[in-house]
Each structure stands twice: as structure tokens, then as C-alpha cells.
Amino acid sequence: MCHPVIDVHAHLWAADIESATEALPGRAEQRRLEHRRLGDVSADVGASQLRSRLPLLVDVDQRLAAMTAAGIDAQVVSITPTQYHHWIRDPAAARELAHLTHEVIAAHCAARPEQLVGLGVIPQQFPALAADALDDAFAHGLRGVEISTHAPDPDRGAPIELSDRRYDDFWVRAVHLGAVIFLHPWGCTLDDRLSQWYLSNSVGQLVEHTVALSHLIVGGVLERFGQLRVIVGHGGGYLPGTMTRADHAWRERLDARTTPRPPSSYLPQLFFDSLVHEPAALRRLVDEVGYDHVLLGSDYPFDMGDPDPCGRLRAAGLEPRAISAVAGGNAARIGLAPGPRPVTLSSTDQKEAT
């Protein structure tokens with residue numbers, strides 16, 4: 001069966017979201033934190049880039065033209081992570097913002113439903129609201145949600161990690177709905193240590209993925225919820241190629257043996273996008289996790305993305321069936337192709353997720 005070429009990592013900007021958060025308590029404080037994490041130079045470059053690329057983030061026709069130029073048939077659209085706004089400390093405001101985000105993304109995708117598929121968000125700083133927000137995303141016709149690697153605690157405690165048992169109801173609902181969870185960080189907690197030379201992104205994003213995935217694996221989330229459909233952006237950060245150390249800790253230390261199986265055995269329950277920037281790196285990722293667990297991702301339209309993900313895929317030297325799977329077959333298999341959404345996992349996925 002031939003599948004459309006599907007880019008699972010593409011973003012949208014919503015002015016309505018910024019307007020809705022502008023006057024909320026904590027907005028100025030969050031801006032100062034983000035500026036400190038990025039550093040003066042990178043903050044200025046980022047603001048300039050957003051202005052210059054804004055039409056690509058909001059205009060459907062420009063999005064479709066860019067897709068055609070890149071050989072992309074369909075895109076999975078998620079909000080720009082700077083618009084998570086997990087700093088909001090009022091549960092009602094956070095719930096309403098998620099609802100607004102779903103309206104914006106659904107309206108954008110409705111302009112070309114045969115090519116655009118949407119993902120929503122959850123108020124991740126309030127785990128008790130996450131399952132209902134996922135329901136709301138599905139009520140808007142979206143296929144799942146984009147989440148960050150952690151959330152700030154509204155009570156100013158330690159960051160809320162994905163292994164927090166308060167998310168269990170959310171994971172249960174995600175499995176029940178067959179929802180796709182797209183893991184994409186915003187904000188690395190290493191803060192000032194990465195505030196020069198754009199290390200906040202080039203290093204920080206990958207660190208965040210690695211820590212978050214460790215919480216999902218070592219924290220037992222994937223053991224308890226084996227049928228989750230989690231896509232990890234940026235090729236999974238540093239984790240896929242370094243699981244041997246986690247396995248060693250699992251074998252040698254009782255405090256690290258939190259799951260019945262070694263950590264690396266849970267990799268087949270995850271999916272990873274192809275955004276690793278070089279054909280050789282993409283080939284290594286495929287070798288590490290299997291071609292049936294890599295999906296095409298561009299990070300459209302940002303400069304840390306790839307304007308030609310199909311070309312990068314072809315240059316990786318993979319066999320034809322692997323190219324077909326990464327280009328679109330895997331995304332279609334987990335319910336991200338435009339059109340009717342499959343409700344249950346395939347028999348192959350059921351076996352892999354147990």
C-alpha cells in the first residue's frame with residue numbers, strides 16, 4: 001500500500017494565544033526567565049526570526065506551497081512550543097487556553113483537511129486537567145497532543161516530570177483513545193549554563209529529551225502503559241545511542257532497577273522523528289531504533305529544522321522499504337494520515353507494546 005509522505009513535526013503560531021495570556025499574572029516573570037535562558041543575543045535572533053517567518057506559521061497557502069516544494073503530501077501541525085504557557089498558575093485559565101489552542105489548530109487544519117492533521121495541548125502544569133484536555137482535543141478533531149518534557153510546578157516546587165503518577169489518568173485516556181503524544185521540549189532547566197551561543201537549543205533540547213525519556217522508561221510509564229503512541233522530536237535527543245549505560249546501571253544497582261526489563265528494551269515502544277540533520281546520523285538512528293519506529297520530521301518552518309527532509313532521507317542510504325516506512329508508512333500506521341483515524345493499534349503494534 002502506498003502512503004502519503006507525512007511530516008509529523010511542523011508548527012503553527014497563534015496570535016490569539018498571545019493575546020489571551022498577555023495580561024495574566026506571571027507573564028512578565030516568564031518572559032524574563034526565557035530571556036535569561038536564551039541569552040541576549042539568541043533572544044534577539046529568535047524574535048527577529050519569528051517576525052520574518054510569521055507568514056509561514058499562520059498562512060495555510062504558504063504552508064501548502066512549502067510542502068509541495070519539499071515533496072510533502074501531509075503535515076501534522078502542532079503549536080509553536082513557546083506557546084505552551086505552562087507558567088500559568090490558574091487552573092481555569094490554563095484549561096481555557098488549551099481549549100483556545102484546539103480551536104486555532106482545528107480551524108487551520110480545516111482549511112485543507114486532506115493534507116493537514118492537528119495535535120492539541122494539555123495544561124501540563126495541572127496533571128489533573130490533562131485527560132479532559134485530551135478529550136477536548138479529540139472533540140475538535142485532533143489526533144492527540146503535543147507535550148513538553150516537564151512542566152513548572154504552579155506552587156514553585158520542583159519541575160513536574162512525566163513519571164509523576166498524577167499523569168496516570170492522562171496516559172490511560174491516551175491509550176483508550178489511541179492518541180498520539182508528540183514530545184517536544186520548551187525550556188531547559190540548566191538555565192544560565194546554556195545561555196550563550198544558542199546552547200539552550202543545540203544542547204538543551206537534546207538534554208531535555210534525554211531526561212524526559214528516562215522518566216518515561218526508568219520511571220515505569222512505558223511499563224504500565226505499553227500501548228502509548230509517543231513520538232519524540234529531534235531524534236530523541238541523546239538517549240537512543242546511549243542506552244547501554246542505563247542498562248548497565250539496571251544490571252549493577254538495585255536503586256536503578258525500577259522496571260522488570262532493561263531500559264533499552266522499551267525503545268521499541270517509542271517513535272522518533274528524523275530531525276537529526278545529517279544522513280549519517282539518520283542512518284544511525286534507524287540502526288538504533290529500527291526503521292519502523294522513525295517518522296519524517298522537518299520542524300517547519302524554523303532554522304533548526306530541515307527544509308528538505310525527504311532529500312535527507314534519500315541520502316541516508318536506506319533500503320526502499322525503510323524509506324517508504326519513514327516517509328509516511330509509520331505515521332499512517334499510528335493514525336496520522338489525513339482521513340479517518342484508526343481507533344486501535346495494529347496487531348504488530350499490540351505485540352510490540354506488551
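How many disulfides does the structure hold? The structure, a predicted model, holds zero disulfides. The views below take up its parts in turn.

View 1. A disulfide is a covalent bond between the sulfur atoms of two cysteines.

View 2. Strand β2 covers residues 74-79, and six of its six residues are buried, so the strand is largely enclosed by the rest of the structure. A74, V76 and S78 point one way from β2. Q75, V77 and I79 point the other way.

**View 3. T80, in the loop between β2 and α5.** The relative accessible area of T80 is 5%; because buried means under 20%, T80 is buried. Leaving aside residues up to four places away in sequence, T80 touches H11, L12, W13, L57 and F302.

**View 4. Helix α5, residues 91-110.** The helix has 20 residues. From its first C-alpha to its last, α5 reaches 29 Å, close to the 28 Å expected at 1.5 Å a residue. The buried residues of α5 include A93, A94, L97, A98, L100 and T101. Also buried in α5 are H102, V104, I105, A106, H108 and C109. An α-helix has 3.6 residues a turn, so residues three or four places apart point the same way.

**View 5. The largest cavity.** The structure holds two cavities of 30 Å³ or more. The largest cavity has a volume of about 90 Å³. Its lining is made up of 13 residues. Of these, Y84, A94, L97, I122 and P123 lie nearest the centre of the cavity. A94 and L97 are also among the buried residues of α5.

**View 6. T189 and W197, in the loop between β7 and α8.** This loop runs between β7 (180-183) and α8 (199-202). T189 has a relative accessibility of 39%, so T189 counts as partly exposed. Not counting residues up to four places away in sequence, T189 touches R37, H150, P159 and E208. T189 and V207 are 18 residues apart in sequence, and their C-alpha atoms are 9.5 Å apart in space. W197 is not a glycine, yet has a positive phi of about 60 degrees. At 68% relative accessibility, W197 counts as exposed.

**View 7. D299 and P301, in the loop between β10 and α13.** The loop lies between β10 (294-295) and α13 (309-315). D299 has a positive phi of about 60 degrees, although D299 is not a glycine. With a relative accessible area of 7%, D299 is buried.

Notes
Residues numbered from 1 in each chain as written. Predicted model: local features only at pLDDT ≥ 70, side-chain atom pairs only at ≥ 80, totals over all residues. Heavy atoms only, no water. Buried < 20%, exposed > 50% of the residue type's maximum accessible area, 1.4 Å probe, protein only. Helix = DSSP H or I, 4+ residues; strand = E, 2+ residues; numbered from the N terminus. Disulfide = S-S within 2.5 Å. Expected span 1.5 Å × (residues − 1). Contact = heavy atoms within 4.5 Å. 1 Å grid on protein atoms, 1.4 Å probe; cavity = no way out; pocket = protein on both sides within 12 Å on 5 of 7 lines; lining within 4 Å. Points joined across faces, edges and corners; volume = space filled by probe spheres on them.
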